[in-house]
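User: I am new to this structure and would be grateful for a close look at one part of it, followed by a connected account of some other features.

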Amino acid sequence: MPKQLYIETVGCQMNMLDSELVVASLRKAGYVVVDTPAQADTILFNTCSVRQHAEDKIYSALGRLKHAKKHNPDKIIGVLGCMAQKDQKLIFERAPFVDLIVGPGQLHQIPDLIEKIHAGEGRQMEVSLDRKAGSRELVEQSFESYDPLRDPQMRPTPFQAFVRIMIGCDKFCTYCIVPSVRGPEQSRPAAHILAEARQLADEGCREITLLGQTVNSYQHTADGQTTRLSDLLAELHEIEGLARLKFVTNYPKDMTDDLLWAVRDLPKVSPYLHVPAQSGSNRMLGRMKRGYTVEEYREMLVRIRETIPGSAVTSDFIVGFCGETEEDFHETVELVRESRFKNSFIFKYSERPGTKSFQLYPDDVPEEVKRRRNNELLAVQNAISEEDNLPLLGQTVEVLVEGPSKVAQRNDDGASNLQLVGRTHCDRIVVFDGNRRQVGQLLDVAIYDVDDFTLFGSVVTQHVGPEVYSL
Ligand code: SF4
């Protein structure tokens, strides 16, 4: 009987990629993936620590497994990723029936650790060193990048893949737990990234998204030669079979001209840049220790738009950060109004033990004020998104078809014609009727309706002249 694995992933694209790689390694060890915890004999949670809510969800999911473990003590329950690194033994204290705790830097050890549990060696915990626990070199070594060969079946779609180009972060924004749980910033050797991308292209992958916490800070030196993100994009661009290259998430201060020129000059690179601003108030940016002013962020936006006309820029904002006044918030609203982001991800500040802002500032903006500011900013952004989608009415856009839309997935009756979803080169979501065979293809779609988030269209069928019939 194959062993049954259930894995649940919360958090960012980095976590999705980590889960993909963990599943690939466990498949090699004879596991099959099942859809529910009840069917599984190994249950893994790949966790996120960026917001309290994400952690609370995992602790309640663990709580629900207490009885299952009591009735079936051989079931293995594991907590992986950022929360494992942050809470470590605390997880064993809060959920004593957990067998396995593995930080993001030790994911490659999971098959062996599970073996040890089966062999009666008791519960296992492997995490990286604390950032202050030794020299930088020692701490870096304890966060091992995990990028083994991939199982194509585990990708979100066979023609799209995430590729990690760096791990960790050295920016230490005061609200953020990532530098502690993901460790020091380390770029992967360009040769490894290119080899992985070539393998993905050989397997039929059309679109690669390069991942890094501050992806545009990428820099790797080998044999006296330094590769920046712009150089890496130029090399990836040469790989046959790849049609689109994206990269997330960008750090405003590292948005250098060479990178913008690469996006402008390399047709496979999507003219889409996600560059979180976080706030429109210099007072808040200072408290967040973001390392730039609103004026510098605006200057960066001007450079992006002058260099890559028509590019789509998206952003993140935190509302209700410690000490945020109505005036600070209105400066953020102003920045959103004038910047015309394609969309923005807006979050209410959630204090995280272990961060500088937790130590330095009280979380003093009441929850209802955070909620109101969140809704207000979202309404401003959504109105802009819809306005900026309107000029696309009647236009034809090229779409990479990702698969059935959510509606079609819910009502899937196996028919070949169904509602499909895809994305434009600048990451706009497009919904249209099509055929299952079109999944993975680049298609022209004529847009007949838009809202703030989605374009609706129909596939443009090629004109077939009489000369073709006569052949
Ligand atoms: S740049 Fe700031 S917000 Fe982004 S991961 Fe690093 S510390 Fe966190």
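Analyst: Strand S18 (residues 417-424) and strand S19 (residues 429-435) pair in the antiparallel sense, over seven bridges. Two strands count as paired if DSSP finds at least two bridges between them. Strands here are DSSP runs (E) of at least two residues, and helices are runs (H or I) of at least four, both numbered from the N terminus. This is a predicted model, in which local features need pLDDT of at least 70 and side-chain atom pairs count only at pLDDT 80 or more, while totals for chains, interfaces and linings use all residues. Residues are numbered from 1 along each chain as its sequence is written, and side-chain values use heavy atoms, with hydrogens and water left out.

Within this pair, glutamine 419 has aspartate 433 in S19 as its bridge partner. In general, strands of a sheet pair through backbone hydrogen bonds, either parallel or antiparallel. S18 and S19 also belong to a barrel closed by five strands in the order S17-S18-S19-S21-S20, with mixed pairing. From one strand to the next, the twist averages 50 degrees (axes are lines fitted to C-alpha atoms, for helices over the stretch in contact, and angles run from 0 to 180 degrees between N-to-C directions).

Another part to examine is arginine 131, in the loop between strand S6 (124-126) and helix H7 (136-142). Its side chain and that of aspartate 170 are joined by a polar contact of 2.8 Å. Such a contact is a pair of N or O atoms within 3.5 Å; within protein, one must be able to donate a hydrogen and the other to accept it, and residues adjacent in sequence count only if both atoms are side-chain atoms. The side chain of arginine 131 also reaches the backbone oxygen of glycine 183, at 3.2 Å.

The backbone has some features of its own. Most residues other than glycine have a negative phi, and most peptide bonds are trans. Valine 248 and threonine 249, however, are joined by a cis peptide bond, with omega about 0 degrees. Threonine 249 lies in the loop between strand S13 (244-248) and helix H11 (257-265). Aspartate 223, although not a glycine, has a positive phi of about 50 degrees. This aspartate 223 is found in the loop between strand S11 (219-222) and strand S12 (225-228). With a relative accessible area of 84%, aspartate 223 is exposed (buried means under 20%, exposed over 50%, partly exposed in between, with a 1.4 Å probe and protein chains only).
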